[in-house]
Structures are given as structure tokens and as C-alpha cells.
Amino acid sequence: MEKKTKQNLLLVIVGVSLYAALMNLSEVVGFLKNVIGVVLPIIVGGILALFINVPMSGIEKRMRQMLKRKNRQLSARFCRGVSFLLTFACIALVLTLVFTLLIPELAASMKGLYLLVETRLPQWMDDIERFAPEAEWLEETFAGIDLEKIVHNIGSGANIFFEGVVSTVSSAASVVGTAAFGLIISVYLTLSKEQVCGHAKKLAYAYLKPAWADYITHVCQTFNRSFANFLSGQCMEAVILGTLMFLAFTVCRLPYGSLIGVLTAVCAVIPYVGAFLSGAVSVVLALLVSPASAVECLIVYLVVQFIENQLIYPRVVGGSVGLPPLYTLIAAIIGGKLLGIIGIIFFIPLMAVAVELVKEDAGKRLHGRLDNVTRNS
């Protein structure tokens, strides 16, 4: 069969398949949802493996450099296992630090709130008693209430509530199961990443043209490098923002400065969004102290966050992935609109990969045109 005939036949098959899919769109969407549900643990495991691989590779690289200086040699499997355990130990240490700071502060705040209510309760009761003689309109209001109808509505609402609880518990169990399987898959992917990448590379060269296989390999390597640089820059930016928050809260004499600093540093791993999550927590904690402290906390937090978003983040993270600040901001906005937090995290390195590939292609085209001009002249 000639090449042109194959292309025409392929075009007809694609057109017929697309038409059939559009005519049965609901069935196609349902099938895709089932497929995504099946492969979701693998997707989650791959995403976790990407995050775990960055610090693990850094620890493994420095461990080998240190052993090389001391003229010692250990197996690659041993270095990989030790770096993997150290990575999880660091993650557990950070989480322990956050909860160690957060739980006592929350307990102290709830205790202060209880003491406040206990102190103010007699005054509130006196106010209610003074208001009671003037509350005859309440009796008239309650006289026209149908108690039987209210009881019926409460029963219906209780059924809906319990159905919602069952649905929520089922969804939570599904999420926990997906997360558990994803974590296990990420462990296997991280510990045997060379083997997995080797198998994928063999399949690419076996079933694709060499030029396409080379291009896909180049794109994957570029994305891996860009994502590692992005995550490193994001962690650096998180430390900077957490330090700024701690200093700002300390200078302004606001409560929970150390807790907010650590919480901001942890949440700021999520670009442009995580810091606002910690900001909401800080405002709630300050509100338990006094409304004035909550307002001051909100103002200080927004000012520091604005300075960090406009000046520090685009330069630190954008510089780490080789993107100008404007491209970094655009990538975060587009990713957030399309895929939420996951989109924000992945679209910045994706934008870096796209910009680098476009630069390479433009360079090759310009070089080819210059060669043609030189030959013609």
C-alpha cells in the first residue's frame, strides 16, 4: 500500500471515530471516567514520585560526592535506599514541627476562648433577662408555628444528612485507598526509576520513528530538569516567605509569629495559593485573641504576600526554571484556571519546557536561513 493511500485511510478512520465519539458523547465520557478511576492511583503515584525524586536525588548526589572524597565506595542500591529514607525522614520532621507548633497554640486559643465565655456568660444572661420583658413579639411569632411540619422537615433533613455522611465516608475511604496505592507505586517508581525510564525508552524507540523517539526523550529530560529546578526554587521561596512572615509578625508584635512562619513556609510550596491558605489560618488564630489583632494580622499578611508575589517569587522561581517573571505569572494563572493547585505546580515547568523547545526550534530555523543566505551569496 502506498504512503499516500495509508495517510488517506488513516484520515478516514480518525474522522469516522471522531464522529462516532461525538454522537455517543455521554458513553465516551463515562468510559473515560472509568478509565481515569482505574489508572488514578498510577497517576497519583507518578506525581508523588516526581516530588520525592527531587530531594532524594539531591541527597544521593551529595552522599556520593562525600564518599568519593573519602575514597569509599558503596553500592548504588544502598545509596538510593539511604537517600530515600532520609527524604521521608525530612518530610516527617517538617510535618512533626508544624503539628508540634500548631496543636498547642490551638489548644491554648480554645482554652482562652472558653475562659472568655465563662467570664462573659453572667453578663450575657443579665442582658437576656433585661430583654425578656420586651420580647412579647416572640410569643406571637412562635404561636403560628406548625410543630408537626417542623418535626417532619427535621426527619427528612436527618435522612438527607445521614445519606450525605455515608456518601462522604465512602468518598473519603476511596481517597484514602487511592492515596495509599499511589504512595506504594511512588515508592517503587522512585527506587527503580532508571529501570522504568529504560523500559519506556525502549518502547519509544521500538514503536516510533527514531526522530520522534529522540524528540520525546529530549522533552522528558527537559521537563525533569525544569521540574527539579522549579521545586528547588519553590522550596527556597517558601523559606524566604516564612522568614518574612515571622519577622513581620515579630516586629508588629502580633500573636503566633513562629507558628505562622512555619505554617507559611510549608503551605507556600503551592505557588501563589498556599500562602493564602496559611493566611486564613493566621487570621482565625488572631481572631481568637481579639478582632483588632485579626485585622492587623490580615493587613500585615496581605502586605508581605503582595511584596513576595510581585518581587521575590517571579525572580526566585522564574530564575530557577529560566523563565521571565511575566511568563511565570502567566503559567501560574493558566494552570490554576485549568487544573487548580496541580495546574499551578506543573504549568510553570511546562511553560519552561515549551519556551526552551521554541527557542531551540527558532534557533535551528534561523541557523538554516543564515546558511541558505550564505550559500546563495
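What share of the contacts in the protein with a separation of 6 or more comes from residues 24 or more positions apart? In this predicted model, such residues account for 70% of those contacts.

The protein has 377 residues, and 24% of them count as buried. Its accessible surface comes to about 25800 Å². Carbon and sulfur atoms contribute 71% of that area. The secondary structure consists of eleven helices and zero strands. Read from the N terminus, the order of elements is α-α-α-α-α-α-α-α-α-α-α.

Helix 8 spans residues 257-267, and helix 9 spans residues 274-289. The two pack at an angle of about 155°. Their axes lie 7 Å apart. Angles over 145 degrees count as roughly antiparallel, so helix 8 is roughly antiparallel to helix 9. The crossing of the two helices is right-handed.

Both helices supply several residues to this contact. From helix 8 come L259, I260, L263, T264 and C267. Helix 9 provides G274, A275, S278, V281, S282 and L285. Sorted by class, the contact of helix 8 with helix 9 holds seven nonpolar and four polar residues.

Key. Residues numbered from 1 in each chain as written. Predicted model: local features only at pLDDT ≥ 70, side-chain atom pairs only at ≥ 80, totals over all residues. Heavy atoms only, no water. Axes fitted to C-alpha atoms, helices over the stretch in contact; angles between N-to-C directions. Helix = DSSP H or I, 4+ residues; strand = E, 2+ residues; numbered from the N terminus. Parallel < 35°, antiparallel > 145°, perpendicular 65-115°, else oblique. Left-handed = near helix turned anticlockwise from the far one by under 90°. Contact = heavy atoms within 4.5 Å. Nonpolar A, V, L, I, M, F, W, Y, C, P; charged D, E, K, R; others polar. Buried < 20%, exposed > 50% of the residue type's maximum accessible area, 1.4 Å probe, protein only. Areas by Shrake-Rupley, 256 points an atom, 1.4 Å probe, with all protein chains shown as cover.
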